[in-house]
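Below are a few notes for a colleague who has not seen this structure before. Please read them alongside the sequence and the model.

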Amino acid sequence: MDTTNARSWVVEIARVVEENKDYLTHLDSAIGDADHGVNLSRGFSQAAALVTTTDYATPGALLTAVGNTLISKVGGASGPLYGTAFRKAGKAMGDTPEVDAAGLGRALEEALTGVTTLGASAVGDKTMVDALDPAVAAYRAAVGSGASLADAMADAAAAADEGAKATIPLQALKGRASYLGPRSVGHQDPGATSTALLLGALRDVLARPPA
Ligand code: ADP
Ligand code: MG
């Protein structure tokens, strides 16, 4: 995964978030304050504008800059959480121009630790962690059995999709949705859903033949 892949990922996230903006906001209207799609649209459109007009020496530097943009431009819970995830992932990639399969695994693990530390959240709390945690586990398992970076990322994205759907029967224990108590049951978590979209965007970018 090089700087071009990282840039394409952010551009693809901005496209997918725009496509799903109303859907994400609709999910957040059921158990939150109906702004998740709007929040992510604002953040990732600015992040995409930044990375397409700036030169970065490494994918790590690019993703760190995306994290900074998300933290400064996105309100709510998701801005700082996603911002931290991208900053931690970028930092974990170090100064290598080409991140290998193990390196992307470490970046995903750091992103997860960043979110659970800042959010004081764990699997089962009905948050983005319920998509990110199984994705990291699936990625690690795939690389452990010899999968390429792109194939491991496909497994990770599939696990994130499953994890997002599996939030439906859960009661929210963190974030705004937790104020609803048992009434949060029966709805898919917006942040877990957007995490699955973000990881699906990386899967799609890595599956593209090189230009
Ligand atoms: P807000 O809840 O402030 O309106 P958003 O609507 O943009 O922010 O994001 C809501 C999402 O943020 C939730 O669906 C959940 O996935 C995630 N979230 C909220 N609080 C936490 C937390 N403490 N840890 C992890 N994720 C969280
Ligand atoms: Mg919200």
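How far is an oxygen atom of ligand 1 from an N or O atom in the side chain of Asp35?

1. The separation is 3.0 Å, a polar contact (a pair of N or O atoms within 3.5 Å). Taken alone, ligand 1 exposes 560 Å², of which the protein buries 92% (Shrake-Rupley areas, 1.4 Å probe).

2. This is a predicted model, in which local features need pLDDT of at least 70, side-chain atom pairs count only at pLDDT 80 or more, and totals for chains, interfaces and linings use all residues. Side-chain values use heavy atoms, with hydrogens and water left out, residues are numbered from 1 along each chain as its sequence is written, and chains are lettered from A and ligands numbered from 1 in the order written.

3. Two further aspartates approach ligand 1 through side-chain N or O atoms: Asp33 at 2.9 Å from a ligand oxygen and Asp28 at 3.1 Å from one.

4. Asp28, Asp33 and Asp35 also coordinate the magnesium ion (ligand 2) through OD atoms at 2.0 to 2.2 Å. Donors here are N, O and S atoms within 2.8 Å of the metal (3.2 Å for Na, K and Ca); water is not among the atoms, so sites may look incomplete. Along the chain the donors follow the spacing D-x4-D-x1-D.

5. Around ligand 1 there are 20 residues, each with a heavy atom within 4 Å. Asn39, Ala77, Ser78, Ser121 and Asp189 come nearest.

6. α3 (36-53), α5 (78-93) and α9 (190-207) each supply at least two residues of this shell (helices are DSSP runs of H or I, at least four residues, numbered from the N terminus). The largest share, three residues, comes from α9.

Methods
Polar contact = N/O pair within 3.5 Å; in protein donor to acceptor, adjacent residues only side chain to side chain.
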